[in-house]
Amino acid sequence: MGNTVAREDFEWVYTDQPHADRRKEILAKYPEIKRLMKPDSNLIWIVSLMVLTQFIAFYLVKDLEWKWLMFWTYVVGSCISHSMTLAIHEISHNCAFGNSKAMWNRCFGMFANLPLGLPYSISFKRYHMDHHRYLGGDGIDVDIPTDFEGWFFCTSLRKLVWIILQPLFYTIRPICINPKPVSRLELINLVIQFSFDAIVYYYFGIKSVVYMLVGSILGLGLHPISGHFIAEHYMFLKGHETYSYYGPLNYLTFNVGYHNEHHDFPSVPGRNLPLVRKIASEYYDPLPQYTSWVKVLYDFIMDDTLSPYSRVKRELKGEVKQD
């Protein structure tokens, strides 16, 4: 590493994303995969238990010394918070109650959002659907870094800072790349969330609020689970824009590591994605894959050829429909 020059622009392509064609081909060969496209009722109970766990944690940390507060915030709170963002990801695909009860899913997403401290679930759903429809789409997919990120965060030290600040960049990117009018549901999400934060502060005090907010920020920054941000779509191998991870952290992240499978079949809940891989193994086993998100983070930081520019970006053709 270090003998080649970092990229100076994104990998521009003018073809459609590969997932739609592969989905069509796999379904023609294995129509039984359609039976996996159903709500996962277990998601409701798992998320409810996670929310309850964080409520209990708010009480337990309220009188801790600051050093122990920060320790448990990183060791426990950040893991649960990051896992909850991926539960919200599942809910955004209507995996809790099904497509026929879309509003139930939006409300449940706001419930899951409570222990994160910042309103997230409704806005995430709006932009995440664009990410699936228009993967890498210029000016649409806010999962693609800005030109400033690609230009500035090009050394190992700067990339480390960039990973630590991932929550910040995921917050400001929609404003820079694809701003949308604030929706009524987003306002409701905001009011409910900040009202909940005020209740936590009133009953438990500032340390519980710090546990909640800092845990969310740390969990989405320099954290083993955050390796999925890089692993999913950063181009470690030319010509491959989506990668799957088949390691143990999938148990904490609702199988988000099965990312090729997820983009091929976004209506299949995370719980069933290993079955998709098993059924259509000849399609997925030959694809580049990871077994360690920590190694992904290390390689991304240390490899001089990798940077936020290491993404496929495509010019969109035809009409673009957004939420």
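## Gln 17 and its loop

Gln 17 sits in the loop between β1 (11–13) and α1 (19–29). Helices (H or I, at least four residues) and strands (E, at least two) are DSSP runs, numbered from the N terminus. This is a predicted model: local features need pLDDT of at least 70, side-chain atom pairs count only at pLDDT 80 or more, and totals for chains, interfaces and linings use all residues. Residues are numbered from 1 along each chain as its sequence is written, and side-chain values use heavy atoms, with hydrogens and water left out.

Is Gln 17 buried or exposed? Gln 17 counts as buried, at 12% relative accessibility. Buried means under 20% relative accessible area, exposed over 50%, and partly exposed in between (1.4 Å probe, protein chains only). Setting aside neighbours within four places in sequence, Gln 17 is in contact with His 132, Arg 133, Tyr 134, Leu 135, Glu 241 and Arg 314. Contact means heavy atoms within 4.5 Å. A polar atom of the Gln 17 side chain also lies 2.9 Å from the backbone oxygen of His 132. That is a polar contact: a pair of N or O atoms within 3.5 Å, where, within protein, one must be able to donate a hydrogen and the other to accept it, and residues adjacent in sequence count only if both atoms are side-chain atoms.

## Helix α2

Helix α2 has 21 residues. From first C-alpha to last, α2 reaches 31 Å, close to the 30 Å expected at 1.5 Å a residue. The expected span is 1.5 Å times one less than the number of residues. Asp 40 caps the N-terminal end of α2. A side-chain oxygen of Asp 40 lies 3.1 Å from the backbone nitrogen of Asn 42.

Which residues of α2 are buried? They are Leu 43, Ile 44, Val 47, Met 50, Val 51, Gln 54, Ala 57, Phe 58 and Val 61. These residues lie on the same side of α2, because they cover an arc of only 155 degrees around the axis. The arc is that of the directions from the helix axis to the C-beta atoms. On the other side of α2, Trp 45, Leu 49 and Leu 60 are exposed. The buried residues of α2 pack against α3, α4, α9 (184–204) and α10 (206–219).

Take Gln 54 as an example. Gln 54 lies in α2, which spans residues 41–61. Gln 54 is buried, with a relative accessible area of 1%. Not counting residues up to four places away in sequence, Gln 54 touches Gly 77, Ile 80, Ser 81, Pro 115 and Tyr 211.

## The nonpolar cores

A nonpolar core is a set of buried Ala, Val, Leu, Ile, Met, Phe, Trp, Tyr and Cys residues joined through side-chain atoms within 4.5 Å. The largest one has 39 residues. Those with the most contacts inside this core are Leu 43, Val 47, Met 84, Trp 162, Ile 230 and Phe 300. The elements giving two or more residues to this core are α2, α3 (66–92), α4 (102–113), α7 (156–164), α11 (227–233) and α15 (293–302). The largest share, six residues, comes from α3.

Ser 92 is found in helix α3. At 3% relative accessibility, Ser 92 counts as buried. Ser 92 touches Arg 106, Phe 124, Lys 125, His 128 and Met 129, not counting residues up to four places away in sequence. The Ser 92 side chain also reaches the backbone oxygen of His 89 at 2.6 Å.

Asn 94 lies in the loop between α3 and α4. Asn 94 has a positive phi of about 60 degrees, although it is not a glycine. Asn 94 counts as buried, at 12% relative accessibility.

## The cysteines

A disulfide is a covalent bond between the sulfur atoms of two cysteines. Here a disulfide is counted as a pair of cysteine sulfur atoms within 2.5 Å. How many disulfides does this rule give? The count comes to zero. Cys 154 is in no disulfide, and the nearest cysteine sulfur, that of Cys 176, is 19 Å away. Cys 154 is partly exposed, with a relative accessible area of 28%. Cys 176 counts as exposed, at 56% relative accessibility.
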